[in-house]
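Okay, thanks for coming, everyone. Let me put the model up on the screen and then talk you through a few contacts.

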Amino acid sequence: MRTLLYSLVSAMVLAAAVPAFAKDKLTVYTYESFTADWGPGPVVKKEFEAECGCDVEFVSVADGVALLNRVKLEGGSTKADIVLGLDTNLTAEAKATGLFSPHGAVADAKVPGGWSDDTFVPFDYGYFAVVYDTEKLKTPPKSLKELVEGSADEKIVIQDPRTSTPGLGLLLWVKSVYGDKAPEAWAKLKAKVLTVTPGWSEAYGLFTKGEAPMVLSYTTSPAYHMVAENTQRYQAASFEEGEYLQIEVAGITTSGAKNPLAEKFMAFMTGPKFQDAIPETNWMFPAGKTDKPLNPAFDKLVKPTKTLLFSADEVAANRKAWVDEWLSVMSK
Amino acid sequence: MRLASDPRVTAGITALAAVALLIGGAFTGLLFEGAHDLSGAWAALDPYLLRVVRFTLWQAALSTLLSVGPALLVARALSRHPRFFGRGFILQLFALPLALPAIVAALGILALYGRAGYFSGLLSAVGGQGWPGIYGLSGILVAHVFFNLPLSSRLFLEALQTIPADQWRLASQLGMGPRPAFRLIEWPMLRAALPGIAGLVFMLCITSFTIVLTLGGGPAATTLEVGIYQALRFDFDPARAVALTLLQVALTCLVMLCLTRLGANTTGDANLPVAPRRYLSVGAGETILNIVLIALALLFVAGPMAATLAAGLGADLGRLAGEATVRQATLTSAGLAFVSALLSVLLSLSLTIARRALALNRRAGPRSLLEHAADTGAGLVLVVPPIVIGAGWFLLLRHAGDVFAIAPIMVVTVNAVMAMPFAIRAIRPAYDAASERHERLCALLGIAGWARFRLVDWPSLRRPLATGFAFAMALSLGDLGVIALFGSDSVQTLPYLLLARMGSYRTEDAAGLALLLGLVCLALVLAADWLGRGEKA
């Protein structure tokens, strides 16, 4: 009897103790290129696991839009504690789902124009830019106006705002520069557009194959070619009107709010161990304190004279109308 | 009553039910989610949609015409010369374009005909000014013909090969020249196959998306599929996606109806073939013409593939092959494609057998709804975009646990069903012809069921089954549909990896992976061919 009681008690103690041995886990949903071997994912995972003594599990989908869809699909039952990789054009919609929880006080994020949002925290940013091939184009346009009004022989490949984030970026860029005159600008630009691809990959592929001397991409694209391929051939054009900003953010889900590791990760994300990995793995600018200086290639990049950005709410309210406007001009 | 107890019909009904369940389930999931907000579905019906519909139909009709017309000639040329060096390789090569993701094919085509393509210098010289590239309708058409000319050539050839050897013997005994032989022997067979093959090509073109946007030159070239994709991906508006999908299905049904009027039902030869081989004598003039035809088709199809090969060889293939992710993706892709193709061929065979049984039981009179469904119904699945099926099922099952764990099952099933129209086109002519010949004998000898399949049907089905298998596999290998929307760590296929590399500046890696994808496909097609050949008589 006594031995039975003893073994029962010890079994109960053991059962209670086992979960304490299992490490706590943090699940982060993100996009594919973040977790790729060459992406920031592996470094971030290692650094944060060392700091928290926990397990980090990344679940990756194709891109930021797919990320939001996945969370919408899973709804309240999502396994994600943190969703990392939405951009400011998606945050209004993401908030509207009610699946995200306000973060606590997270350290200051450094993005152009400052940041104040109770739900999402930036982890990097970049500017959209017209990237050109120096071997094909000797005098790149110096302004959006020059691009719009320039010779129709100098072609550019752009992306469709209905299916692609950079495509939407260019649409917003033109809108922020031209305002109500945007349709007229597009009507002129249309002659220079070689084709409108469904996504960034297709456009950049056509560009590097030499089909067009210009493509819509990021100011940081030349950094990749300089650092990884050691070539100066591809450069970004600097526009007088300024460049349109893209800020990538992360947020805690409502179910993640119950996991204390989520808050910790958000603080870690804006710190140097995370931020140091960003420039040369995600090819974007860090949005927080770094310990290492930026690779000198980043100093050679175009520095926007002015930062253009619509607020998340403005984009959410007008996106459909603006895309329809674009469509009616471009499909004539 | 006899019908219901016929196991052949039961098998067909099961296959149909599986297809219906797959599509019905997806629609239920989407409508359940979208029902509370139908405004998007109504808002989709605007004047712009009319333009999109017009362009969608126009490009699909032109693409079909340009693919199927030449394919008739190429298939005939190939059937007139059943033995020449490299014939087998040409046929295997013709299965490859299907396995190439659209963007890889587009880049391959542009490497030849683009502004910076190999031919641009020549074309500029001819045109007198800078070659503008093939952007616009012409680019879309070239790409669609690249995908569909080889496909339809092989399927027409499959139909031509069901012509009984006796007919050829008779033709040669009667001293029939190539012209009357074509009119009396080949054309009826081609015409019977025409609506099905043209319909298949039409469906593939009507749902084209990446090709249309990338090569179309701007949003004036937009298909309904773009709208569906946008609705699901960017706007997450399931109701609108369903509305547009239904519109797409309805339009396709209309076109299919028109196409069936082009066709003809042949009465096959009910006699057992006694001629040991085909008696073909092809004149010198015709031989030259046929060589030119086959060479042109080969150049057209092989050109972009050679460009893809050349680009792939520029990649660091050794490093790529050494990467664990690449190896894993290769295995995943090959495995999924194999299982999908197997399932697809099984389903298609059941449907083909059931359709034949129904047609036999009917004898005369109008075809029943079931027979129609078994005939063309399953084909319509092609115009239901995979992302719609994927999204619908994920929505339906999301409360039932971790739906992303079933992603591999989803990929296999959707690919299998998507490939059915191909497999059916490959299998049906041979099965129907064999059945026409053996039906009475089997009834007389009381051979049925498994014994009949093994002893009577299998020998004549072996080769077309392999063709169907090869196409189904190629299609599944290149597919990105289901996982493109949500992605999944558990299903990283080669095309997924390829696009991921392309999406992070690694263009060379992507080219290398395209080459690898082509090689995997070629290997699988070769294997299918080898299995299909069997003991050669």
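This is a predicted model: local features need pLDDT of at least 70, side-chain atom pairs count only at pLDDT 80 or more; totals for chains, interfaces and linings use all residues.

Residues are numbered from 1 along each chain as its sequence is written, chains are lettered from A and ligands numbered from 1 in the order in which they are written, and side-chain values use heavy atoms, with hydrogens and water left out.

Let's start with helix 8 of chain B, residues 137–160. Helices here are DSSP runs of H or I, at least four residues, numbered from the N terminus. Helix 8 of chain B packs on helix 10 of chain B, residues 178–206, at about 150 degrees, with the axes 9 Å apart. The axes are lines fitted to C-alpha atoms over the stretch in contact, and angles run from 0 to 180 degrees between N-to-C directions. So helix 8 of chain B and helix 10 of chain B are roughly antiparallel; the label takes angles over 145 degrees, and under 35 counts as roughly parallel. The crossing of these two, helix 8 and helix 10 of chain B, is right-handed, meaning the near helix is turned clockwise from the far one by less than a right angle, with anticlockwise being left-handed.

Who touches whom? On the helix 8 side of chain B you'll find, among them, B:Leu151, B:Leu155 and B:Phe156, and on the helix 10 side, residues including B:Leu190, B:Ile197 and B:Leu204. Contact means heavy atoms within 4.5 Å.

Now, helix 8 of chain B also has helix 19 of chain B, residues 407–445, where the axes come within 7 Å and cross at roughly 20 degrees. That pair, helix 8 and helix 19 of chain B, is therefore roughly parallel, and the crossing is left-handed. B:Leu151 and B:Leu155 turn up in this contact too, and among the residues of helix 19 of chain B that meet helix 8 are B:Phe422 and B:Arg425.

Further along, helix 22 (residues 494–502) and helix 23 (residues 507–533) of chain B pack at about 165 degrees, axes 8 Å apart. That makes helix 22 of chain B roughly antiparallel to helix 23 of chain B. Their crossing is left-handed.

On to the interface. Chain A and chain B bury about 4,700 Å² between them, 56% of it on carbon and sulfur atoms. Buried area is the accessible area, with a 1.4 Å probe, that two parts lose on being put together, summed over both. A:Trp38, A:Leu73 and A:Arg162 supply 17% of what chain A buries against chain B, more than any other three residues. The contact takes 61 residues from chain A and 55 from chain B.

And how many salt bridges cross the interface of chain A and chain B? Zero, by the rule, which asks for a side-chain nitrogen of Lys or Arg within 4 Å of a carboxyl oxygen of Asp or Glu. Over all chains the count comes to 30. One of them joins A:Glu74 to A:Arg70, closest N and O atoms 3.1 Å apart. Both sit in helix 4 (residues 64–74) of chain A, four residues apart, about one turn of the helix.

Notes. Angles under 35 degrees count as roughly parallel, over 145 as roughly antiparallel, 65 to 115 as roughly perpendicular and the rest as oblique.
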